[in-house]
Amino acid sequence: MNGETAAADSVAGILESLHRHAKYSLGRAWPELSARELYTAVALSVRDRLVERMLETDERNRKADPKRLYYLSIEFLIGRSLGNNLVNLGIRELYRQALRELDVDLERVEQEEEDAALGNGGLGRLAACFLDSLATLGMPGCGYGINYEYGLFRQEIHDGYQIEKPDSWLAQSTPWAIARTEESCIVPVHGHIEHAADRKGDYNPMWLGWRVLIGVPYDTLIAGYGGRTVNFLRLYSARSSRDFDMQIFNDGDYFKAVEQKIASENVSKVLYPADAVIAGKELRLVQEYFLVACAIRDITRRFEQNHDNFRDLPAKVAIQLNDTHPALAVAELMRFLVDEKNLGWEEAWEISQATLAYTNHTLAPEALEKWPVPLLETVLPRHFQVILEINRRFLDRIWAAYPGDAERRSRMSLIEESTPRQVRMAHLAIVGSHSVNGVSAIHTALIRASVAREFCELWPNKFNNKTNGVSPRQWLLKANPGLAELIRAAIGDGWITDLCQLRELENRVADDAWRAAFLELKLANKQALARVIQESLRIRVDPASLFDVQVKRLHAYKRQLLNVMHIIEEYLSLIEDGRQPTTPRTYIFAGKAAPGYWAAKQIIKLIHNVGRVINNDSRANQWMKVVFLPDYRVSLAERIIPAADISEQISVAGMEASGTSNMKLALNGAVTLGTQDGANIEIREEVGEDNVFLFGLSAAEVKRMRQDGSYRPRDYYDRDVRVKRVADAFLSKAFCPDEPDLFGWIFRAILDPNDEHFHLADLPAYLEAHERAAEAFRDRQRWARMAILNVARIGKFSSDRTVAEYARDIWNITPSTSGIDMQPREERQPMQFKAEQVPGSDGRVLP
């Protein structure tokens with residue numbers, strides 16, 4: 001830090017900056033500022049400090065010319081930026097003092113900021129954590145995404161039903177975005193191909209007649225902890241082409257010109273437009289291409305500032321595709337190298353493959369994107385040609401490796417021969433990348449054994465695991481400052497950038513005073529959440545009760561329904577059998593259902609109806625309460641997660657790639673109650689089997705039952721009275737007195753042998769796991785030990801470790817600044833699975 005920066009980072013310097021922005025940026029005297037303007041002045045003042053450090057980072061990178069990472073993601077769920085930046089720059093207390101002198105409360109200012117609605121769930125939150133870790137590790141890199149005007153939606157609850165409202169988070173603009181209009185990109189779509197030849201007589205297709213979109217970049221600065229490195233997230237807004245619009249105006253067709261402008265700008269209007277109709281599908285495809293085209297254009301522009309030979313591209317550029325949404329980068333990079341840089345196909349392919357890497361985030365077939373060939377051919381005719389050529393050459397290789405195996409060739413093809421034909425985007429990403437990684441040990445094993453088994457046989461060294469992680473700055477230091485301070489007092493603050501140092505807390509488990517302080521802090525967090533619940537829902541909950549938390553998007557495989565089934569069993573056991581629960585509980589849900597996902601929205605209605613009955617039943621409401629906090633977002637997660645006692649991670653085994661809420665909750669002292677799925681297995685390995693409650697079928701058992709048809713839910717229903725009573729409740733009016741048979745569909749679904757989520761098979765073991773957890777919670781000292789050990793042993797799940805492994809094994813990048821060691825704290829052997837744990841796609845069990 002230079003002397004000028006140090007002077008600015010003082011109370012006097014901050015006060016001067018605040019008054020300057022009030023006067024010159026907002027045109028107001030300080031006393032006249034509204035609450036929103038107050039926040040804007042503070043944010044602009046902090047942004048000044050970010051810019052100083054960003055310029056220093058850029059100058060350092062310009063001199064070193066390092067290899068850089070470019071992270072492409074359709075989502076970046078960054079939440080609120082003010083608090084993150086104050087924490088990472090180390091100036092939070094200085095700003096608190098400066099604002100106190102002006103009779104302003106910093107926390108009140110922070111509450112004025114809207115959550116940046118740039119993502120939906122774990123995919124976007126992971127991307128945000130990775131950007132934090134890249135900067136903290138001093139890595140040269142940045143993210144590319146779309147500057148959505150509207151987020152997924154703002155969730156309201158009316159009579160228990162989810163209602164979607166526009167989430168116009170940019171209505172008041174954001175002080176964090178820096179417009180870079182001079183670096184705008186031209187993005188062509190539609191048009192046609194003219195088949196021509198070049199001067200040598202070689203085939204030279206010409207993409208003509210396209211419509212033009214303009215991608216306008218806005219940079220949000222991302223500070224690493226300590227502020228030495230400030231990278232950026234570049235988000236693109238879509239604008240119409242001024243030249244194209246003017247031609248239409250000159251021709252007199254004003255309505256068409258306005259229509260063209262609206263259609264162009266719709267591309268960045270909303271996150272995940274509904275794709276039930278062809279217009280929605282086209283908009284979503286154009287969105288994905290818009291992201292890819294802008295990113296590739298910007299990446300290659302930056303490369304050409306210092307390099308003139310694209311054969312050097314893999315030595316200076318690493319591009320990571322965060323799931324299949326940016327998979328068109330394979331075709332776009334090839335199109336750019338072949339059409340614009342005149343490279344031969346083989347050379348361009350070698351460069352492209354060496355530059356691109358792909359992260360798979362799902363095993364669910366419906367989530368592995370496919371695009372109808374007629375749509376792709378219409379919207380991106382040249383890219384469709386490129387994909388066909390990639391596929392032709394790839395299938396020739398398959399035929400050479402497996403002569404005569406036409407079925408294998410069909411299964412591995414980039415084109416699915418359905419009606420209509422579909423382009424398999426996951427296959428495109430796998431074939432076009434030099435690395436393919438899963439995000440937990442079991443997820444990667446299942447990719448190798450099922451989803452991509454034949455690709456893995458062809459390229460065994462291409463596939464690897466990178467278990468997800470979360471940022472300790474966001475999810476402990478910022479979200480839970482009381483616990484962070486308690487830890488600092490015990491072991492110092494090295495854990496903030498080396499989370500494995502939390503292991504030193506194991507020495508505090510036997511310390512009665514420290515355990516008491518830990519429990520007191522947890523109670524304070526629960527009291528704070530109880531106030532949020534009271535204020536937003538008018539429901540009073542007992543902070544001394546067990547806070548049982550499930551916070552994630554609503555989806556059948558995440559099994560919020562299984563959670564409700566346990567609640568119903570507890571309730572019916574109490575009022576019908578007189579069996580009091582082992583300990584009082586507060587069941588806390590939060591999460592959004594996709595607007596078109598009827599079943600998930602019905603589960604939200606079920607949660608509310610069950611809650612209404614229980615919360616108003618004097619026989620039960622001293623023992624249990626059920627609450628659903630609407631509009632789940634990062635800032636709400638920061639209130640819920642520090643208060644959780646139990647972390648519900650109950651997806652059907654083999655369906656959750658990793659999960660990150662499990663990591664955030666354990667980091668904050670919640671004990672996992674979950675299935676043998678995703679990162680739950682690795683959390684158990686780290687924190688110890690005695691400090692989690694895992695239950696239920698394994699992924700291999702689920703796979704086997706699906707394939708041999710041996711799942712017979714009626715058997716569980718007939719032989720277990722608890723299962724029968726819970727299932728029958730859905731046929732009764734118990735939870736829908738005014739809407740008969742509202743939940744009858746659930747009874748039919750869970751009794752159907754084709755229930756893919758095995759609710760009744762796992763329910764008995766789930767009930768027993770809950771009973772074990774309740775018994776443990778009643779023993780306060782035992783529970784304190786379990787919770788502390790979860791915090792102490794969760795160090796592996798830092799996104800710093802994950803990013804360091806990507807950098808070492810995939811990206812081949814190193815820090816451009818000295819300081820934090822990028823290497824993992826200790827070399828660990830990859831988790832090994834026994835043969836019976838990993839089922840193959842054909843039912844065989846693979847070692």
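This report describes the domains of a predicted model, the interface between two of them, and a few local features.

## Basis of the model

Because the model is predicted, local features need pLDDT of at least 70 and side-chain atom pairs count only at pLDDT 80 or more, while totals for chains, interfaces and linings use all residues. Residues are numbered from 1 along each chain as its sequence is written, and side-chain values use heavy atoms, with hydrogens and water left out.

## Domains

The domain assignment of the protein gives domain 1 (1-64 + 81-114), domain 2 (65-80 + 115-465) and domain 3 (509-697 + 763-792), with bounds that come from an automatic or database assignment. Between the C-alpha centres of domain 1 and domain 2 there are 34 Å.

## The interface of domain 1 and domain 2

Taking contact as heavy atoms within 4.5 Å, 28 residues of domain 1 touch 28 residues of domain 2. The two domains bury about 2,500 Å² between them, 49% of it on carbon and sulfur atoms; this buried area is the accessible area (1.4 Å probe) that two parts lose on being put together, summed over both. Arg47, Asn88 and Glu114 supply 26% of the area that domain 1 buries against domain 2, more than any other three residues.

The count of salt bridges between these domains is 0, where a salt bridge is a side-chain nitrogen of Lys or Arg within 4 Å of a carboxyl oxygen of Asp or Glu.

On the side of domain 1 that touches domain 2, the elements giving two or more residues are helix H3 (35-64), helix H4 (81-89) and helix H6 (106-111), and H3 provides the largest share, 17 residues. Helices (H or I, at least four residues) and strands (E, at least two) are DSSP runs, numbered from the N terminus.

## Local backbone features

A cis peptide bond, with omega of about -5°, joins Thr419 and Pro420, and Pro420 lies in the loop between strand E14 (415-416) and strand E15 (422-424). Asp103, a residue other than glycine, has a positive phi near 60° and is placed in the loop between helix H5 (92-101) and H6. Most residues other than glycine have a negative phi, and most peptide bonds are trans.
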